[in-house]
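The sequence and the coordinates come first.

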Amino acid sequence: MNLSALAMQPEIFLAWTSIIKTLVIVFGIVLPIVSLTVFAERKVCAFIQDRVGPNRVGLPTTILGFKKDIRLLGLGQMIADPIKLLLKENFIPNSVNKFYYYIAPKLAMIPALLVLAVLPFGPNVFFGDIKVPLMVANVDIGILWVFAISSLGVYGIVLAGWASNSKYPFLGGIRSSSQMISYELALGLSVIPVFLIVGTLNMQEIVVWQRENGWMVAPFWPKGFSLEQLLHGDFAAIGASFAAGFSVQRLLIWVPMLISFIVFLIAMFAETNRVPFDLPEAEQELVGGYHTEYSSMGFALFFLGEYAAMAAGSGVIVTLFLGGWSLPFIPDGSATSFFGIPFIPAWGASLLWGLIGMTIFLAKIAAMLFLFIWVRWTLPRFRYDQLMKLGWYFFFELALVNIFITALILALVKF
Amino acid sequence: MLIDFLPILLHVVVAVGFATVVLVLNIALGRAGKRTKIKDTAYECGVIPEPGPQPRFSVKFYLVAMLFILFDIEVVFMYPWAVVYRDYIAQHGMLIFWSMLSFVIILLFGYAYAVKKGALEWGR
């Protein structure tokens, strides 16, 4: 058997394509996004506070003998920062518990990257008969994997606080763990209405459902409405599809979906330790919180983990509520022509539409990340007892009631 | 069936490998400075830290953790229920709704007890 035939065997094909997808998603998409988010955070913060922000680091052309550096709006910062952190001294204080001190940053960072495995970055792409989904693992337990793995991030934080043998990290660690587990209830309960409606836990199928019925935050997409109807001026057909879209059932289901979206969004802020829930690392009272005793790459892995968790959380929100890679009128990977250009083969058109879907997904993630940053520099922080009260007394009950409201609407009104 | 999870295994290898490689690179490339006694002490805003036993957990954190486990199990039960809900309603009627509602009401008695006992009051 020759090599190409061996590569097309189902199991082996799955293995090498998923290696490529994993490497591209981790190193080609997510780490640059994280780096860019750190830069964007500083830049957006500067604009909110009426400053300029980092604007010096660009291409260092003075090394090559030029008079001036090229500044590029300070975008060089996103490469300079990781290099600086990599070259700093990795200092382990004598007083810490060495083993746990060493593995804690890894435990904080790895779960954030693992969540990405089930996020659909793009539609299924077809190479002839072979279907390749633009995601690492198209598994039926998608959302369960997200919750199971993202809650492991607590271990890194609580171990870092405990192993540092110092008071500020310790306080940060226990605060963080109890906050994260409290809000995880609201996080888990608030998305159940989505699965009640869709009836699957597979992330790709949830996006496909939203593509046909409208995004979860506004499920009003006209049934069977297409660009052809609009181009041909077929008003009767357009009216019929709009009438099918705007029904009483959909209006009724809209209310619990909005509640679900808002509770999930706020719980995601608490889960990623962002303002207004950033008590674990409240600078004014706890120095740096759980990472006070860390330097260089240990600190950088915590930092990276926080931003990667933000990116992954945005990805989950976009997938569940904001339509994932879908956008009205944009075809998915099953399309066989790309604007009717004749020399592009069917698989090429499929791949191009897949990449466009991926771009849409990343643009939606960028918008969500901007929201995270905007909120951070706008709102003050909660007091600790207020935060726990909000989670246990309000969001937990709201999410629970919301599930039964959705279930009742689905049972009594034909959807 | 199990082959579907092969990509996840590969992804785990990539993520763990990345974390390890970055830390090893840092140890190899990072400039090691001198170790001094002051540098070795825990950072507590310049105050010399008092040696002593590990700081203690407040019992409230334990309580929250235990309550979390109880209610998180409830969440786990709800996922399979949510997935089959619409099909079951269409075929067999409302039984599935009432059974989950009664399950949650029993749990809510426990929740009301915890609230009444002040297990979730942080001010006290």
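The turns that follow concern a predicted model.

Q: How many residues of chain A are in contact with chain B?
A: The contact between the two chains can be counted from either side. On the side of chain B, 55 residues take part. On the side of chain A, the number is 61 residues.

Q: Which helix of chain A gives the largest share of the side that touches chain B?
A: Several elements give two or more residues to this side of chain A, among them helix 2 (10-48), helix 7 (167-190) and helix 16 (384-412). The largest share is eleven residues, and the element that supplies it is helix 7 of chain A.

Q: How many charged residues does the side of chain A that touches chain B have?
A: Divided by class, this side of chain A has 38 nonpolar and 15 polar residues. The remaining class, the charged residues, has eight.

Q: Is L171(A) buried or exposed?
A: L171(A) lies in helix 7 of chain A. A residue counts as buried if 20 or more other C-beta atoms lie within 10 Å of its own. L171(A) has 21 such neighbours and is therefore buried.

Q: What is the relative direction of helix 12 and helix 16 of chain A?
A: Helix 12 (residues 248-271) of chain A packs on helix 16 of chain A with the axes 10 Å apart and at an angle of about 150°. Angles over 145 degrees count as roughly antiparallel. The two helices are therefore roughly antiparallel.

Q: In which hand does helix 12 of chain A pass helix 16 of chain A, and how many nonpolar residues does their contact have?
A: The crossing of helix 12 of chain A with helix 16 of chain A is left-handed. Residues of the contact include L252(A), I259(A) and V263(A) of helix 12 of chain A, and F395(A), L398(A) and I405(A) of helix 16 of chain A. By class, the contact has four polar residues, no charged residues and, as the nonpolar count, 13.

Q: At what angle do helix 12 and helix 14 of chain A pack?
A: The contact is made by residues including F261(A) and F264(A) of helix 12 of chain A, together with G313(A), I317(A) and F321(A) of helix 14 of chain A. Six of the contact residues are nonpolar, one is polar and one is charged. The helices are roughly antiparallel. Their axes are 10 Å apart, and the angle is about 170°.

Q: What is phi of N273(A), and what is phi of S296(A)?
A: Most residues other than glycine have a negative phi. N273(A), in the loop between helix 12 and helix 13 (283-286) of chain A, is buried with 23 C-beta neighbours inside 10 Å. S296(A), in helix 14 of chain A, is buried with 21. Both have a positive phi, about 60° for N273(A) and near 40° for S296(A).

Q: Which residue in the turn between strand 1 and strand 2 of chain A has a positive phi?
A: Strand 1 (residues 124-127) and strand 2 (residues 130-133) of chain A pair in the antiparallel sense over four bridges. Within this pairing, F126(A) stands opposite K131(A). The strands form a hairpin with two residues between them, and the turn residue with a positive phi, about 65°, is G128(A).

Terms used. Residues numbered from 1 in each chain as written. Chains lettered and ligands numbered in written order. Predicted model: local features only at pLDDT ≥ 70, side-chain atom pairs only at ≥ 80, totals over all residues. Pairing = 2+ DSSP bridges. Contact = placed C-beta atoms within 7 Å. Nonpolar A, V, L, I, M, F, W, Y, C, P; charged D, E, K, R; others polar. Buried ≥ 20, exposed ≤ 12 C-beta atoms within 10 Å, placed from the backbone. Axes fitted to C-alpha atoms, helices over the stretch in contact; angles between N-to-C directions. Parallel < 35°, antiparallel > 145°, perpendicular 65-115°, else oblique. Left-handed = near helix turned anticlockwise from the far one by under 90°.
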